[in-house]
Amino acid sequence: MISKINLEVLKRYDKPGPRYTSYPTAPKFSKDFGPAQFEEELRQSNKKNQGPLSLYFHIPFCDTLCYFCGCTMMVTHERQKIADYLTYLEKEIQLVTKHVSKNRPVYQLHWGGGTPTYLNPDEIRHLGSLIQNHFNFDQKELEASSEIDPRDLTRDHIVALKEAGFNRLSMGVQDFEERVQKAVNRLQPESVTRAAVDWGRELGFHSINLDLIYGLPFQTLQGFEKTLDKIIEINPDRLAIFNYAHVPWLKKHMNLIKAEDLPTPDQKLMILKMTIEKLQAAGYQYIGMDHFAKPTDELAIAQKNKTLFRNFQGYSTKAGTEVYAMGMSAISQLNEVYAQNAKTLPEYYQAISEGHFATSVGYRMNRDDHIRKKVIMTLMCDFELDEKEIEKEFNISFENYFAESLPKLAEFINDGFVIRKDKKIFVEGMGRLLIRNIVMVFDAYLGEMMKEKPVFSRTV
């Protein structure tokens, strides 16, 4: 639990930094790693690895543009375009499964976007059936989640997701204030959100997550508190409270949001402080990096048991799975490599139609990457690290190996956010809000990336 939040200290640490859904982070991916390298890695991985899999499918289409969106997406009202995309997804599934051992169980499935529920119910059933027929799902272990948009959603969409094997739902709310919704082009009445949640519960979904964003235009402390009161009443199992990253140099449509309408940095920090205090008082546990969960939720249990994991979908309860990601811009995460598909439909379609993978960039990890990834991800998930375990696993002296990194922890230790004793590192209190800053000291590539054009959002 985070008991005391000092806004002045938070302000001091607020600077650009990675979210560490991978290490090394995506800016290190290279065009030198392409389709042939990914195909060979799939072959080799399935020869020596019979471990569980996580599947991700990217559905990039939306009905309207949300001005705050940082995802790879496109607005279309041409249903044929969606049908064509599903045809190519099927071809990619066939490409992948040619190399996948049938003995490898699927522990996790996620559909992201875009808007997966922009597919109509029959399209959801069709894609769900394709996936089920091509992979070996372990129904006892399976955590299957889809993002949904409550707007224009019908009960049959939720029924179709249930029939496709999903047991979790995640939906964006952002803010219930109408003025805020209008400013970001996402009108979503409270009643619509409540209906989607009710359908999910009625149909037996195990967990429901709601996303909120603070830092949007015209948000105020009082207004966001009213939204939180309603959210607590709705009583979701999990919550993700994201800091709006205004990066119009990366996402051109964010220029549609006027900078002068955004809350000031001080106002944002006050909203964050209130949000954490209010959710903890309501019984939610702070998992880390924007995420909250009830103590009975699998995320909270996994963190307690030190089995929490982190990948491109955020926090995960299924550690040790390789991620096979399909669709435009999707990022696969194997034990030794990262591989991202082409970010435009023409490039993606051309590759798949020619019978090869759509990998446009990727990265092969070296030994140093594995060591640093283990340290960073363990701290991100557990808020503590046993240096002796790292030494044993990688046959190194922690003190010597990180001789340049460890002195950088001094400011966090002096502020009481980090304790290092008996060859263990503990992240305490408000340090959990600053976990990105703390793990940045172990990132070997950060200095060189910070010299280039802005690529990261701010840490607070």
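Predicted model: local features only at pLDDT ≥ 70, side-chain atom pairs only at ≥ 80, totals over all residues.
Modeller: Before we start, a definition: helices and strands here are DSSP runs, numbered from the N terminus.

Colleague: Is Ser329 buried or exposed?

Modeller: Apply the cut-off: buried means under 20% relative accessible area. Ser329 has 8% relative accessibility, so Ser329 counts as buried.

Colleague: Where is Asn235, and what is its phi?

Modeller: Asn235 sits in the loop between helix H8 (221-234) and strand S9 (238-243). Its phi is near 70°, again a positive value in a residue other than glycine.

Colleague: Why is Asn235 called partly exposed?

Modeller: Partly exposed is the class between buried, under 20%, and exposed, over 50%. Asn235 is partly exposed because its relative accessible area is 34%.

Colleague: Now the peptide bonds. Which residue is joined to Pro24 by a cis peptide bond?

Modeller: Tyr23. Read omega there: about -5°. Pro24 belongs to the loop between helix H1 (7-13) and helix H2 (35-48).

Colleague: What kind of peptide bond joins Gly113 and Gly114?

Modeller: A cis bond, with omega about 10°.

Colleague: Where does Gly114 fall?

Modeller: In the loop between strand S4 (105-113) and helix H4 (121-134).

Notes. Residues numbered from 1 in each chain as written. Heavy atoms only, no water. Helix = DSSP H or I, 4+ residues; strand = E, 2+ residues; numbered from the N terminus. Buried < 20%, exposed > 50% of the residue type's maximum accessible area, 1.4 Å probe, protein only.
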